[in-house]
Amino acid sequence: RVGSEMCIRDSSNMPIIETNGIKMHYTEQGDGDPLLLIMGITAPGAVWEAHAEEWQKDFRCILGDNRGVGDSDKPEGPYTSEMMADDYAGLLDELGIESARVVGCSMGSIIAQQLALRHPDKVKSAVLMCTWSRCDRYAVSVFEHMMNAKARLKPEEFMKFVQLLIFTKPFWDNDDCYQGIVDGQNDAKLGAAPQPVHSMEAQASACINHDVYADLPQIKSPCLVIGGKNDIFTPAWMSEETAEAIPNSDLHLYDGAGHAFHWEKLDDFNPRVRDWLKAN
């Protein structure tokens with residue numbers, strides 16, 4: 001067991017567990033085999049909504065708020081991908097889940113890698129979205145610039161900066177999709193509790209310092225590495241070298257899609273991942 005895991009509920013009646021020194025918020029939806037969904041930097045678990053709505057038909061979806069965001073604790077940093085993997089190991093222990101399928105998006109994918117390395121018996125299979133196993137100078141600079149932007153920009157301006165990183169031109173050119181982009185900026189502007197600067201910086205530190213490339217051959221769980229060929233945030237080479245280093249892995253990169261390929265190619269992504277998970 002990792003840390004002290006005790007199931008409690010706060011005054012809002014939200015599911016909270018204590019794990020690895022923090023209180024972690026999570027939600028569940030659906031029935032079937034457990035499917036742990038781990039979101040990326042700055043994003044709470046609720047961002048999985050459009051995917052969990054589909055996958056809950058076949059799986060018990062568990063959506064966690066990473067440390068540093070949402071309704072989970074936001075301690076001072078830095079955080080590490082190892083630390084955050086141990087957070088989720090404790091969550092699984094508290095829920096009595098010995099082994100789960102795992103889907104991790106961006107930062108969530110490096111947490112999933114560490115979960116497979118540090119707690120291999122807990123990971124039946126893993127989907128690693130827009131992933132990386134080590135950062136080059138470009139990636140370090142992107143994350144450092146995100147920290148600077150978070151500290152200096154209004155919430156809606158920071159949201160626009162992130163959207164510029166993750167969506168490709170066709171998404172911006174589509175009227176309906178662009179309206180969603182604008183809505184996202186307005187939501188950030190009106191949000192009552194934006195992520196604190198210190199916890200976003202702590203998450204970025206975990207992203208920068210994640211380096212498990214040499215350890216990836218130790219991962220025994222089947223993995224699907226999936227991303228977009230036009231990703232400027234975590235470029236395709238990162239997915240390609242990660243998939244090549246994991247012994248039992250599949251790789252799929254979407255044409256004409258970026259870091260948010262799971263939105264840009266939603267109609268293909270949801271069933272593709274569901275079918276792969278059912279087979280693995």
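Trainee: What relative accessibility does T27 have, and how does T27 count on that basis?

Mentor: This is a predicted model, in which local features need pLDDT of at least 70 and side-chain atom pairs count only at pLDDT 80 or more, while totals for chains, interfaces and linings use all residues. Residues are numbered from 1 along each chain as its sequence is written, and side-chain values use heavy atoms, with hydrogens and water left out. A residue is buried under 20% relative accessible area, exposed over 50% and partly exposed in between (1.4 Å probe, protein chains only). T27 has 29% relative accessibility, and therefore counts as partly exposed.

Trainee: Where does T27 lie, and which residues does T27 contact beyond its neighbours in sequence?

Mentor: Strands (E, at least two residues) and helices (H or I, at least four) are DSSP runs numbered from the N terminus; T27 belongs to strand β3, residues 22-29. Contact means heavy atoms within 4.5 Å. With neighbours within four places in sequence set aside, T27 contacts C61, I62 and L63. The C-alpha atoms of T27 and D267 are 24 Å apart, and 240 residues separate the two along the chain.

Trainee: How many disulfides does the structure hold?

Mentor: A disulfide is a pair of cysteine sulfur atoms within 2.5 Å, and the structure holds zero. For C61, the nearest cysteine sulfur is that of C105, 15 Å away. C61 itself is buried, at 0% relative accessibility. C135 is likewise in no disulfide; its nearest cysteine sulfur belongs to C207, at 7.2 Å. C135 is partly exposed, with a relative accessible area of 21%.

Trainee: Which residues touch the most other members of the largest nonpolar core?

Mentor: A nonpolar core is a set of buried Ala, Val, Leu, Ile, Met, Phe, Trp, Tyr and Cys residues joined through side-chain atoms within 4.5 Å. The largest one has 61 residues, and L36, I41, L91, F143 and M146 touch the most other members. Helix α3 (residues 107-118) contributes the most to this core, giving seven residues. A second, separate core has 24 residues, among them M39, W55, L63 and V103. Apart from neighbours within four places in sequence, F143 is in contact with I41, W132, C135, A204, C207, I208 and F233.

Trainee: Why is helix α9 described as largely enclosed by the rest of the structure?

Mentor: Helix α9 spans residues 236-245, and it is largely enclosed because seven of its ten residues are buried. Those buried residues are A236, M238, S239, E241, T242, A243 and A245.

Trainee: Which residues other than glycine have a positive phi, and where is a cis peptide bond found?

Mentor: Most residues other than glycine have a negative phi, and most peptide bonds are trans. T42 is not a glycine, yet has a positive phi of about 75°. It is found in the loop between β4 (33-38) and α1, and is partly exposed, with a relative accessible area of 22%. C130 also has a positive phi, of about 40°. C130 lies in the loop between β7 and α4 and counts as buried, at 1% relative accessibility. The cis peptide bond joins G77 and P78, with omega about 0°. P78 is placed in the loop between β5 (59-64) and α2 (81-94).
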